[in-house]
Amino acid sequence: MSGLRSGQVAAAAGVNPQTLRYYERRGLLAEPDRSLGGHRLYPTETVTLLKVIKAAQRLGFTLDEVAELLDAGEHRHGHHADAGLRARAQAKLTEVEAKIADLQVIADTLRAAVKAGCDDLVECAGQPCCPIPFTTIGTVHG
């Protein structure tokens, strides 16, 4: 019986060995064969799959989304294999661009607060030059 042991796969993919078991529980990795001694033996393709999963996470996909992408890729026999990825990547891009726009507003506001010399949040809130948008922040109703 051939295959890579957990430590070999983890090292080659740059992940923690516990990540393999976690991904198995999440259904991202198939349960591997076992050696006669009971050691997990993964196919060599597992290293590539782990690298794909980690790359997708770095692009902002959740593990649930990665699982959907992997599942969609496996079930596209004869169809455009990238159609699922393309649609999901476009949706993720839209989400990321919205976050970037929000972060840009936050950065601009913080730059204005630094420039205005705001040292005390409460004191700044009472000044007409305060750039922090206290009036547009919703209130919590108890």
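1. Let's start with Thr46, which is found in helix 3. This is a predicted model, and in it Thr46 is buried, with a relative accessible area of 7%. Setting aside residues up to four places away in sequence, Thr46 touches Val9 and Leu29. Val9 will come up again below, as it belongs to helix 1.

2. The chain has six helices and two strands, and from the N terminus on the elements follow the order α-α-β-β-α-α-α-α. Of the 142 residues in the chain, 21% are buried. If you take the contacts between residues at least 6 apart in sequence, 47% of them join residues at least 24 apart.

3. Now for the pairing that involves Thr46. Helix 1 (residues 6-13) and helix 3 (residues 45-58) have axes that come within 9 Å and cross at roughly 45°. The two helices are therefore oblique to each other, and helix 1 passes helix 3 in a right-handed crossing. On the helix 1 side the contact uses Val9, Ala12 and Ala13, and these meet Thr46, Val47, Leu50 and Lys51 of helix 3. By type, the residues of this contact are five nonpolar, one polar and one charged.

4. Helix 1 has another partner to look at. The axes of helix 1 and helix 2 come within 8 Å and cross at roughly 100°, which makes helix 1 roughly perpendicular to helix 2. Here Ser6, Val9 and Ala10 of helix 1 make the contact with Pro17, Leu20 and Arg21 of helix 2. The residues of this contact divide into four nonpolar, one polar and one charged. Val9 is named in the contact with helix 2 and also in the contact with helix 3.

5. Ser6 is found in helix 1 and is buried, because its relative accessible area of 13% falls under the 20% cut-off. Leaving aside neighbours within four places in sequence, Ser6 is in contact with Leu20, Arg21, Arg40 and Tyr42.

6. What about the nonpolar core? The largest one has 17 residues, and those with the most contacts inside it are Val9, Leu20, Tyr23, Leu28, Leu50, Ile53 and Val66. Helix 1, helix 2 (17-26), helix 3 and helix 4 (63-74) are the elements that give two or more residues to this core. Helix 3 supplies the largest share, four residues.

7. Which residues does Leu50 touch, not counting residues up to four places away in sequence? They are Val9, Ala13, Val15, Leu20, Tyr23 and Leu29. Among them, Val9 and Ala13 are also part of the contact between helix 1 and helix 3. Val9, Leu20 and Tyr23 are, like Leu50, listed with the most contacts inside the core.

8. Last, have a look at Val66, which is found in helix 4. Val66 is buried, with a relative accessible area of 2%. Leaving aside neighbours within four places in sequence, Val66 is in contact with Leu28, Ile53, Ala56 and Phe61. Leu28 and Ile53 are listed along with Val66 among the core residues with the most contacts. If you want a distance to check in your viewer, the C-alpha atoms of Val66 and Arg88 are separated by 10.0 Å, with the two residues 22 apart along the chain.

Notes
Residues are numbered from 1 along each chain as its sequence is written. This is a predicted model: local features need pLDDT of at least 70, side-chain atom pairs count only at pLDDT 80 or more; totals for chains, interfaces and linings use all residues. Side-chain values use heavy atoms; hydrogens and water are left out. Axes are lines fitted to C-alpha atoms, for helices over the stretch in contact, and angles run from 0 to 180 degrees between N-to-C directions. Angles under 35 degrees count as roughly parallel, over 145 as roughly antiparallel, 65 to 115 as roughly perpendicular and the rest as oblique. A crossing is left-handed if the near helix is turned anticlockwise from the far one by less than a right angle, and right-handed if clockwise. Contact means heavy atoms within 4.5 Å. Ala, Val, Leu, Ile, Met, Phe, Trp, Tyr, Cys and Pro count as nonpolar, Asp, Glu, Lys and Arg as charged, and the others, Gly among them, as polar. A nonpolar core is a set of buried Ala, Val, Leu, Ile, Met, Phe, Trp, Tyr and Cys residues joined through side-chain atoms within 4.5 Å. Buried means under 20% relative accessible area, exposed over 50%, partly exposed in between (1.4 Å probe, protein chains only).
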